[in-house]
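User: I have a model open and would like to walk through it with you. Can you take me through the strands and the contacts between them?

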Amino acid sequence: MSFDVPTDRQYLESHEWATTDEPVRIGISDFAQDELGDVVFVELPDEGDEMSHDESFGVVESIKAVSDLYAPVSGEVVAVNEMLHDQPELVNEEPYGDGWMIEVEPTDESEFDDLLTAEEYENQIA
């Protein structure tokens with residue numbers, strides 16, 4: 001099976017993605033949503049919360065599992081996708097579109113160096 005891995009963003013080994021423009025938009029990959037199955041609940045931080053690179057910022061719950069979400073970059077949460085409260089299935093339907101989770105104002109641009117490129121991430125999930 002082939003998964004969509006857009007090249008306009010970078011990835012954590014734990015399957016979160018981050019856009020490289022500001023604010024940084026964050027979500028989970030097509031592969032991750034497929035592995036989880038039907039997403040039934042998403043717990044996200046509040047606007048104004050600070051988060052740190054590689055630390056948990058929330059939880060995604062599916063019919064199969066509960067998984068922590070990890071921050072690709074450190075920064076302040078400047079937007080939360082409120083649609084996911086009522087429509088968590090958007091994570092399954094459009095993981096790179098309406099299923100995004102949060103936007104962050106990054107505090108350390110060098111953290112992008114620790115993330116995987118689309119090609120590196122494709123090799124990891126292959």
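**Strand pairing and side-chain contacts**

Analyst: Strands here are DSSP runs of E with at least two residues, numbered from the N terminus, and two strands pair if DSSP finds at least two bridges between them. This is a predicted model, in which local features need pLDDT of at least 70 and side-chain atom pairs count only at pLDDT 80 or more, whereas totals for chains, interfaces and linings use all residues. Residues are numbered from 1 along each chain as its sequence is written, and side-chain values use heavy atoms, with hydrogens and water left out.

User: How many bridges hold β1 and β2 together, and in which sense do they pair?

Analyst: Strand β1 (residues 9-11) pairs with β2 in the antiparallel sense, over three bridges. Their hairpin has four residues between the strands, and in it His 15 takes a positive phi near 85°.

User: What about the side chains of β2, buried or exposed?

Analyst: In β2 (residues 16-19), Glu 16 and Ala 18 point one way while Trp 17 and Thr 19 point the other way, and all are buried, where buried means under 20% relative accessible area, exposed over 50%, and partly exposed in between, with a 1.4 Å probe and protein chains only. In a regular strand, side chains alternate between the two faces of the sheet.

User: Which strands does β9 pair with, then?

Analyst: Strand β9 pairs with β3 (residues 24-28) in the antiparallel sense over three bridges, and five bridges join β9 to β8 (residues 75-80), again running antiparallel. Val 104 in β9 stands opposite Val 24, and Val 77 also stands opposite Val 104. Strand β9 (residues 102-106) is mostly covered, since four of its five residues are buried.

User: Changing topic, how many salt bridges are there?

Analyst: The structure holds two, a salt bridge being a side-chain nitrogen of Lys or Arg within 4 Å of a carboxyl oxygen of Asp or Glu. One of them is between the side chains of Arg 25 and Glu 103, at 2.8 Å from N to O. That pair links distant parts of the chain, with Arg 25 in strand β3 and Glu 103 in strand β9, 78 residues apart.

User: How covered are those two residues, buried or exposed?

Analyst: Glu 103 is buried, with a relative accessible area of 15%, whereas Arg 25 counts as partly exposed at 28%.

User: And the other salt bridge, which residues make it?

Analyst: The side chains of Arg 9 and Asp 8 meet there, at 2.9 Å from N to O. Arg 9 is buried, with a relative accessible area of 9%, while Asp 8 is partly exposed, with a relative accessible area of 46%.
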